[in-house]
Amino acid sequence: MMMLQKIKEYISRENLLSADGLCLVALSGGADSVCLLLVLKELGYRVEAVHCNFHLRGVESDRDEDFVKSLCKKLGVELHLTHFDTRSFASLHKVSIEMAARRLRYGYFEHLRHDIGACAICVAHHRDDSVETIIMNLLRGTGLHGLTGIKPRNGHIVRPLLCIGRHDIEEWLSVRGQDYVTDSTNL
């Protein structure tokens, strides 16, 4: 319960979400995004989920999609699902696979947000991600701007979990007996 209260206060303090607005939750199926969806639902926000299948990890990508479909069905959450030919996009635009996936993902999120009238696109970055960003920026020789980490809001993109760490997320899911998928590329 303490974690829910902490996130609720953080959302309020940072003015991230509207109590009566529709929240679009980026749902990969991993621990962080599963936690985000469950937390926002428990806090009473109106949520819909969005999942992108980039077709980069073969059967693992399909496993993630199946997990997300099952979870949303169990929770009664509407799911928006899209598929991308990420490799072709990267080749065509001469960008890395990571950059291609990012462009495709955030472009789709914004179009969907607009089409369904969502007030925000919620992504599951947490405190550890922000610390990692600062360290990476330091290694690249950043200026003062790079020392701020991940911001709670960037336009319609909001990050309600920046006030908690990965350990908090995994512990919270474990207590609830909630499973999730693990992307092997993150290992």
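Mentor: Let us begin with a convention: axes are lines fitted to C-alpha atoms, and angles run from 0 to 180 degrees between N-to-C directions. The model shown here is a predicted one. In it, helix α3 (residues 59-75) lies across β2 (46-53) and β3, and runs at about 165 degrees to β2.

Trainee: Which strands does helix α5 lie across, and at what angle does it run to β2?

Mentor: Helix α5 (residues 97-116) lies across β1 (22-26), β2, β3, β4 and β6. Its angle to β2 is about 145 degrees.

Trainee: How many helices and strands does the protein have, and what pattern do they follow along the sequence?

Mentor: There are seven helices and six strands. Along the sequence they give the pattern α-β-α-β-α-β-α-α-β-α-β-β-α.

Trainee: In what order do the strands stand in the sheet?

Mentor: The order within a sheet is read from the pairing of strands. Here the six strands form an open sheet, ordered β3-β2-β1-β4-β6-β5, with mixed pairing. The edges are held by β3 (79-83) and β5 (153-154); each has a single partner strand, so one side of each lacks a neighbour in the sheet.

Trainee: In which sense do β1 and β2 pair, and over how many bridges?

Mentor: They pair in the parallel sense, over five bridges. Within this pairing, Leu22 stands opposite Arg46 of β2. Strand β4 (residues 120-122) and strand β6 (residues 157-158) also pair in the parallel sense, over two bridges. There, Cys122 has Val158 of β6 as its bridge partner.

Trainee: Is β2 largely enclosed or largely open, and why?

Mentor: As a general idea, side chains in a regular strand alternate between the two faces of the sheet. For β2, seven of the eight residues are buried, so this strand is largely enclosed by the rest of the structure.

Trainee: How does one read the packing of two helices, for instance α2 and α7?

Mentor: One takes the angle, the distance between axes and the handedness in turn. Helix α2 (residues 31-42) packs against helix α7 (residues 166-176) at an angle of about 65 degrees, and their axes are 10 Å apart. Angles of 65 to 115 degrees count as roughly perpendicular, and α2 and α7 are therefore described in that way. The crossing of α2 past α7 is left-handed.

Trainee: Which residues make this contact?

Mentor: From α2 come Ala31, Asp32, Val34, Cys35, Leu38, Val39 and Glu42, and from α7 come Arg166, Ile169, Trp172, Leu173 and Arg176. By class, the residues of this contact are eight nonpolar, no polar and four charged.

Trainee: Is Thr86 buried or exposed, and which residues does it touch?

Mentor: Thr86 belongs to helix α4 (residues 86-93). Its relative accessibility is 1%, so Thr86 counts as buried. Leaving aside residues up to four places away in sequence, Thr86 touches Phe54, Leu56, Ile97, Ala100, Ala101 and Leu104.

Trainee: Where does Thr182 lie, and how far is its C-alpha atom from that of Ser28?

Mentor: Thr182 lies in the segment after α7 and, at 39% relative accessibility, counts as partly exposed. The C-alpha atoms of Thr182 and Ser28 are separated by 9.6 Å, although these residues are 154 residues apart along the chain. For the protein as a whole, among contacts between residues at least 6 apart in sequence, 74% join residues at least 24 apart.

Technical notes. Residues are numbered from 1 along each chain as its sequence is written. This is a predicted model: local features need pLDDT of at least 70, side-chain atom pairs count only at pLDDT 80 or more; totals for chains, interfaces and linings use all residues. Side-chain values use heavy atoms; hydrogens and water are left out. Helices (H or I, at least four residues) and strands (E, at least two) are DSSP runs, numbered from the N terminus. Angles under 35 degrees count as roughly parallel, over 145 as roughly antiparallel, 65 to 115 as roughly perpendicular and the rest as oblique. A crossing is left-handed if the near helix is turned anticlockwise from the far one by less than a right angle, and right-handed if clockwise. Contact means heavy atoms within 4.5 Å. Ala, Val, Leu, Ile, Met, Phe, Trp, Tyr, Cys and Pro count as nonpolar, Asp, Glu, Lys and Arg as charged, and the others, Gly among them, as polar. Two strands pair if DSSP finds at least two bridges between them. Buried means under 20% relative accessible area, exposed over 50%, partly exposed in between (1.4 Å probe, protein chains only).
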